[in-house]
Amino acid sequence: MAIRKIVHYGTPSLREPSKEVHKVSKKITELVRDLMDTMYAQNGVGLAAPQIGENVRVFVIDVSTGNEPLNPMVFINPKIIKKSGAVKSNEGCLSFPEAYTDVKRYKNIMVKALNEHGKPFVLEAKDGSLLARAIQHENDHLDGVLFIDHCINRFETEEVLKKHNLPSLDPDLLVDEKELEEEIAKND
Ligand code: ZN
(Lines give C-alpha, C1' and ligand atoms only; values in the text may rest on other atoms or scores of the structure.)
Protein backbone atom coordinates (compact mmCIF):
# COMPACT_ATOMS: atom_id res chain seq x y z
CA MET A 1 0.00 0.00 0.00
CA ALA A 2 1.32 3.35 -0.93
CA ILE A 3 0.27 6.85 -1.76
CA ARG A 4 1.68 7.51 -5.21
CA LYS A 5 2.61 10.70 -6.97
CA ILE A 6 -0.09 11.97 -9.32
CA VAL A 7 1.10 13.05 -12.74
CA HIS A 8 -0.17 16.39 -13.92
CA TYR A 9 -1.54 17.63 -17.23
CA GLY A 10 1.37 18.20 -19.58
CA THR A 11 2.92 14.79 -18.83
CA PRO A 12 2.92 12.88 -22.16
CA SER A 13 1.84 9.54 -20.61
CA LEU A 14 -1.56 11.07 -19.73
CA ARG A 15 -2.21 11.20 -23.48
CA GLU A 16 -1.16 7.62 -24.19
CA PRO A 17 -3.67 4.79 -24.55
CA SER A 18 -3.41 2.19 -21.79
CA LYS A 19 -2.90 -1.56 -22.19
CA GLU A 20 -5.48 -4.25 -21.42
CA VAL A 21 -4.97 -6.30 -18.28
CA HIS A 22 -4.44 -9.95 -19.21
CA LYS A 23 -4.46 -11.35 -15.72
CA VAL A 24 -5.55 -9.84 -12.42
CA SER A 25 -2.19 -10.68 -10.88
CA LYS A 26 -0.71 -9.64 -7.55
CA LYS A 27 0.84 -6.70 -9.33
CA ILE A 28 -2.60 -5.50 -10.46
CA THR A 29 -4.04 -6.01 -6.97
CA GLU A 30 -1.24 -3.86 -5.59
CA LEU A 31 -1.86 -1.23 -8.24
CA VAL A 32 -5.56 -1.16 -7.26
CA ARG A 33 -4.59 -0.64 -3.62
CA ASP A 34 -2.22 2.17 -4.52
CA LEU A 35 -4.94 3.82 -6.60
CA MET A 36 -7.34 3.67 -3.63
CA ASP A 37 -4.78 4.99 -1.16
CA THR A 38 -3.86 7.83 -3.48
CA MET A 39 -7.48 8.68 -4.33
CA TYR A 40 -8.49 8.82 -0.65
CA ALA A 41 -5.39 10.79 0.32
CA GLN A 42 -6.38 13.42 -2.25
CA ASN A 43 -10.12 13.31 -1.49
CA GLY A 44 -10.79 12.33 -5.09
CA VAL A 45 -13.93 10.69 -6.45
CA GLY A 46 -11.95 8.57 -8.89
CA LEU A 47 -8.46 7.82 -10.09
CA ALA A 48 -7.17 6.03 -13.18
CA ALA A 49 -3.89 4.14 -13.41
CA PRO A 50 -2.33 6.48 -16.01
CA GLN A 51 -2.65 9.26 -13.42
CA ILE A 52 -0.04 7.52 -11.30
CA GLY A 53 2.10 6.80 -14.33
CA GLU A 54 0.89 3.27 -15.12
CA ASN A 55 -0.65 2.92 -18.56
CA VAL A 56 -2.91 -0.06 -17.84
CA ARG A 57 -6.70 -0.25 -18.09
CA VAL A 58 -7.65 0.10 -14.42
CA PHE A 59 -9.49 2.77 -12.47
CA VAL A 60 -11.15 3.14 -9.08
CA ILE A 61 -14.14 5.23 -8.03
CA ASP A 62 -15.75 6.08 -4.71
CA VAL A 63 -18.73 8.41 -4.89
CA SER A 64 -19.75 8.05 -1.24
CA THR A 65 -19.85 11.32 0.68
CA GLY A 66 -19.15 12.57 4.19
CA ASN A 67 -20.94 10.31 6.63
CA GLU A 68 -21.42 7.30 4.39
CA PRO A 69 -19.06 4.34 4.71
CA LEU A 70 -16.43 4.04 2.00
CA ASN A 71 -17.69 2.29 -1.10
CA PRO A 72 -14.73 1.76 -3.41
CA MET A 73 -15.39 0.31 -6.85
CA VAL A 74 -12.76 -1.20 -9.09
CA PHE A 75 -12.95 -1.31 -12.90
CA ILE A 76 -10.49 -3.42 -14.86
CA ASN A 77 -10.66 -3.49 -18.70
CA PRO A 78 -13.88 -1.44 -18.63
CA LYS A 79 -16.07 -0.93 -21.68
CA ILE A 80 -19.01 1.44 -21.90
CA ILE A 81 -21.57 -0.66 -23.73
CA LYS A 82 -24.56 1.72 -23.71
CA LYS A 83 -24.92 5.46 -23.49
CA SER A 84 -27.81 7.89 -23.86
CA GLY A 85 -28.99 11.39 -23.02
CA ALA A 86 -26.76 14.36 -22.27
CA VAL A 87 -25.83 16.44 -19.24
CA LYS A 88 -23.62 19.36 -18.41
CA SER A 89 -21.09 18.35 -15.79
CA ASN A 90 -18.76 20.63 -13.82
CA GLU A 91 -15.59 18.61 -13.47
CA GLY A 92 -12.11 18.72 -12.13
CA CYS A 93 -9.34 16.14 -12.18
CA LEU A 94 -6.53 15.28 -9.77
CA SER A 95 -4.16 15.74 -12.72
CA PHE A 96 -5.39 19.36 -13.08
CA PRO A 97 -5.00 20.79 -9.56
CA GLU A 98 -7.86 23.15 -8.71
CA ALA A 99 -9.02 23.61 -12.31
CA TYR A 100 -12.74 23.07 -12.97
CA THR A 101 -14.79 23.49 -16.11
CA ASP A 102 -18.15 22.48 -17.62
CA VAL A 103 -18.06 19.47 -19.90
CA LYS A 104 -20.52 17.36 -21.91
CA ARG A 105 -21.36 13.88 -20.69
CA TYR A 106 -23.86 11.17 -21.42
CA LYS A 107 -26.68 11.08 -18.89
CA ASN A 108 -27.02 7.30 -18.68
CA ILE A 109 -24.42 4.65 -19.25
CA MET A 110 -23.91 0.93 -18.90
CA VAL A 111 -20.41 -0.34 -18.29
CA LYS A 112 -18.95 -3.82 -18.16
CA ALA A 113 -15.64 -4.53 -16.49
CA LEU A 114 -13.78 -6.94 -14.22
CA ASN A 115 -13.62 -6.34 -10.49
CA GLU A 116 -10.52 -6.68 -8.30
CA HIS A 117 -11.02 -10.46 -8.22
CA GLY A 118 -11.14 -10.70 -12.00
CA LYS A 119 -14.91 -11.29 -11.98
CA PRO A 120 -16.95 -9.67 -14.76
CA PHE A 121 -19.80 -7.35 -13.83
CA VAL A 122 -22.18 -4.98 -15.56
CA LEU A 123 -23.25 -1.71 -13.96
CA GLU A 124 -25.80 0.85 -14.98
CA ALA A 125 -25.50 4.48 -13.87
CA LYS A 126 -28.31 6.88 -14.69
CA ASP A 127 -29.72 10.40 -14.52
CA GLY A 128 -26.40 12.18 -14.86
CA SER A 129 -25.42 10.88 -11.41
CA LEU A 130 -21.94 11.51 -10.07
CA LEU A 131 -21.23 7.82 -10.66
CA ALA A 132 -22.33 8.00 -14.32
CA ARG A 133 -20.14 11.02 -14.92
CA ALA A 134 -17.16 9.69 -12.95
CA ILE A 135 -17.14 6.43 -14.93
CA GLN A 136 -16.99 8.36 -18.21
CA HIS A 137 -14.24 10.64 -16.87
CA GLU A 138 -12.07 7.79 -15.59
CA ASN A 139 -12.71 5.56 -18.59
CA ASP A 140 -11.49 8.34 -20.85
CA HIS A 141 -8.14 8.41 -19.02
CA LEU A 142 -7.49 4.89 -20.32
CA ASP A 143 -7.67 6.20 -23.87
CA GLY A 144 -5.58 9.30 -23.21
CA VAL A 145 -8.68 11.49 -23.34
CA LEU A 146 -9.00 14.24 -20.71
CA PHE A 147 -12.08 16.06 -19.37
CA ILE A 148 -11.07 19.32 -21.03
CA ASP A 149 -11.46 17.57 -24.41
CA HIS A 150 -15.23 17.56 -23.70
CA CYS A 151 -15.43 21.20 -22.63
CA ILE A 152 -18.55 23.21 -23.39
CA ASN A 153 -16.78 26.55 -23.71
CA ARG A 154 -13.30 26.43 -25.19
CA PHE A 155 -12.40 29.97 -24.25
CA GLU A 156 -13.55 29.71 -20.65
CA THR A 157 -11.62 26.46 -20.27
CA GLU A 158 -8.53 28.04 -21.76
CA GLU A 159 -8.78 30.82 -19.15
CA VAL A 160 -9.11 28.31 -16.31
CA LEU A 161 -6.02 26.43 -17.50
CA LYS A 162 -4.02 29.60 -17.80
CA LYS A 163 -5.08 30.74 -14.33
CA HIS A 164 -3.77 27.50 -12.84
CA ASN A 165 -0.52 27.55 -14.82
CA LEU A 166 -1.48 24.47 -16.80
CA PRO A 167 -0.66 23.90 -20.48
CA SER A 168 -3.25 25.13 -22.97
CA LEU A 169 -5.95 23.12 -24.73
CA ASP A 170 -5.08 21.16 -27.82
CA PRO A 171 -7.88 22.07 -30.25
CA ASP A 172 -7.15 18.96 -32.35
CA LEU A 173 -8.03 16.77 -29.37
CA LEU A 174 -11.45 18.29 -28.68
CA VAL A 175 -14.07 15.54 -28.97
CA ASP A 176 -16.67 16.11 -31.66
CA GLU A 177 -19.99 15.47 -29.90
CA LYS A 178 -22.64 17.52 -31.67
CA GLU A 179 -25.61 15.48 -30.36
CA LEU A 180 -24.56 16.07 -26.76
CA GLU A 181 -23.99 19.75 -27.47
CA GLU A 182 -27.43 20.20 -29.00
CA GLU A 183 -29.22 18.36 -26.23
CA ILE A 184 -27.44 20.29 -23.49
CA ALA A 185 -28.20 23.61 -25.22
CA LYS A 186 -31.88 22.62 -25.43
CA ASN A 187 -32.04 21.87 -21.70
CA ASP A 188 -30.15 24.99 -20.62
ZN1 ZN B 1 -9.20 12.79 -14.24
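## Helix H2

Buried means under 20% relative accessible area. In this predicted model, helix H2 is mostly covered, with 11 of its 12 residues buried. The buried set runs through Leu-131, Ala-132, Arg-133, Ala-134, Ile-135, Gln-136, His-137, Glu-138, Asn-139, Asp-140 and His-141.

H2 spans 17 Å from first C-alpha to last. That is close to the 16 Å expected at 1.5 Å a residue.

## Zinc site

Three protein donors hold positions 2.0 to 2.2 Å from the zinc ion: Cys-93 through SG, His-137 through NE2 and His-141 through NE2. Their spacing along the chain is C-x43-H-x3-H. Cys-93 and His-141 link distant parts of the chain, 48 residues apart. Cys-93 belongs to strand S4 (residues 87-93), while His-141 belongs to helix H2 (residues 130-141). Both Cys-93 and His-141 are buried.

An α-helix has 3.6 residues a turn, so residues three or four places apart point the same way.

## Asp-62

Asp-62 sits in the loop between strand S2 (58-61) and strand S3 (73-84). Asp-62 is buried but has no salt bridge. The nearest side chain of opposite charge is Arg-133, 14 Å away.

Polar partners are present. The side chain of Asp-62 makes a polar contact of 2.5 Å with the side chain of Tyr-40. The Asp-62 side chain also reaches the backbone nitrogen of Asn-71 at 2.8 Å. Leaving out residues up to four places away in sequence, Asp-62 touches Met-39, Tyr-40, Gly-44, Val-45, Leu-70, Asn-71 and Pro-72.

Methods:
Residues numbered from 1 in each chain as written. Predicted model: local features only at pLDDT ≥ 70, side-chain atom pairs only at ≥ 80, totals over all residues. Heavy atoms only, no water. Donors = N, O, S within 2.8 Å, 3.2 Å for Na, K, Ca; no water. Helix = DSSP H or I, 4+ residues; strand = E, 2+ residues; numbered from the N terminus. Buried < 20%, exposed > 50% of the residue type's maximum accessible area, 1.4 Å probe, protein only. Lys, Arg positive; Asp, Glu negative; His and termini not counted. Salt bridge = Lys/Arg side-chain N within 4 Å of Asp/Glu carboxyl O. Polar contact = N/O pair within 3.5 Å; in protein donor to acceptor, adjacent residues only side chain to side chain. Contact = heavy atoms within 4.5 Å. Expected span 1.5 Å × (residues − 1).
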